[in-house]
Amino acid sequence: MIRAGELVLRPLQMRDLSDYLGLINNVGSSGEYWSHVMRSEANLRRQFEENGLWSVDKFTLVICTSDGSLIGEIGAERSAVLSSDRTIYYRIFQPENRRRGYMTSALSAGVKWMFETFPERRLSAITPVANVPSIKVAERCGFEREGTLRSAVFVNGEYSDVHLYGRVR
C-alpha cells in the first residue's frame, strides 16, 4: 500500500469488486471527459480472478480515504510502441470528491512509487484539451506538455483533441 497524505493507494481487493463496478459504471458521475463504456460484472470478476487486475504490463491502484471508501483510481500500462514508457490514467469517481487535492496527492505518490519500482524512464499521460483540472494535476505532478493529438479520443459521441504529457526520471 502507498500512503498519500490522508489517502491510501492499493491494489483492488475481492471485497472491493461490487463497489468498484458500481463506480466505474456510473455514467452519471463519470464526468464529461471519461468514456462511458461499461464493464460487465462477469468480465471484471474473471479478470480479477485471473490476475487481480495486476500484472507487470498493466495495473490498477484504487484510491481510498482513511475509512476505506473508494474514491478513485490510478493505473498504468506499458506502451506497445515505446519500450521505455508507461501510459498512466487517473480519475476521481464522484464529483463531490473532485477539486479537493486528492488526485494531486495520489498521483504524486503513485508516480514516485512507479519510478522506484519499474524500469521505464518515462511516464505519459493523455488528457482532453478541455479538461483543465486534469491538465493542472498532471502539471503539478511534474508532467510537461509534449504535444497535441487531434481527434484522438471518442467520448460523449464526438472526437476530441488530447494533450500528451510526459515525465522523465
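1. Contact here means heavy atoms within 4.5 Å. With that in hand, take the contacts in the protein chain between residues at least 6 apart in sequence: 59% of them join residues at least 24 apart. Bear in mind that this is a predicted model.

2. On to the overall layout. The protein chain has four helices and eight strands. Reading from the N terminus, the order is β-β-α-α-β-β-β-α-β-α-β-β. The radius of gyration comes out at 15 Å, close to the 15 Å that the globule rule gives for 169 residues, so the chain is as compact as a globular protein of that length.

3. A couple of whole-chain numbers go with that. Along the principal axes, the C-alpha atoms fill a box of roughly 40 × 40 × 30 Å. Of the 169 residues, 44% are buried.

4. Now have a look at helix α1 (residues 17-24) and helix α2 (residues 41-51). Their axes lie 11 Å apart, and the two helices pack at an angle of about 130°. The crossing of α1 past α2 is right-handed.

5. Which residues in α1 and α2 meet? From α1 you have Leu17, Ser18, Tyr20 and Leu21, and they meet Glu41, Leu44, Arg45 and Phe48 in α2. Sorted by class, this contact has five nonpolar residues, one polar and two charged.

How values were computed
Residues numbered from 1 in each chain as written. Predicted model: local features only at pLDDT ≥ 70, side-chain atom pairs only at ≥ 80, totals over all residues. Heavy atoms only, no water. Axes fitted to C-alpha atoms, helices over the stretch in contact; angles between N-to-C directions. Left-handed = near helix turned anticlockwise from the far one by under 90°. Nonpolar A, V, L, I, M, F, W, Y, C, P; charged D, E, K, R; others polar. Rg over C-alpha atoms; globule rule 2.2 N^0.38 Å. Buried < 20%, exposed > 50% of the residue type's maximum accessible area, 1.4 Å probe, protein only.
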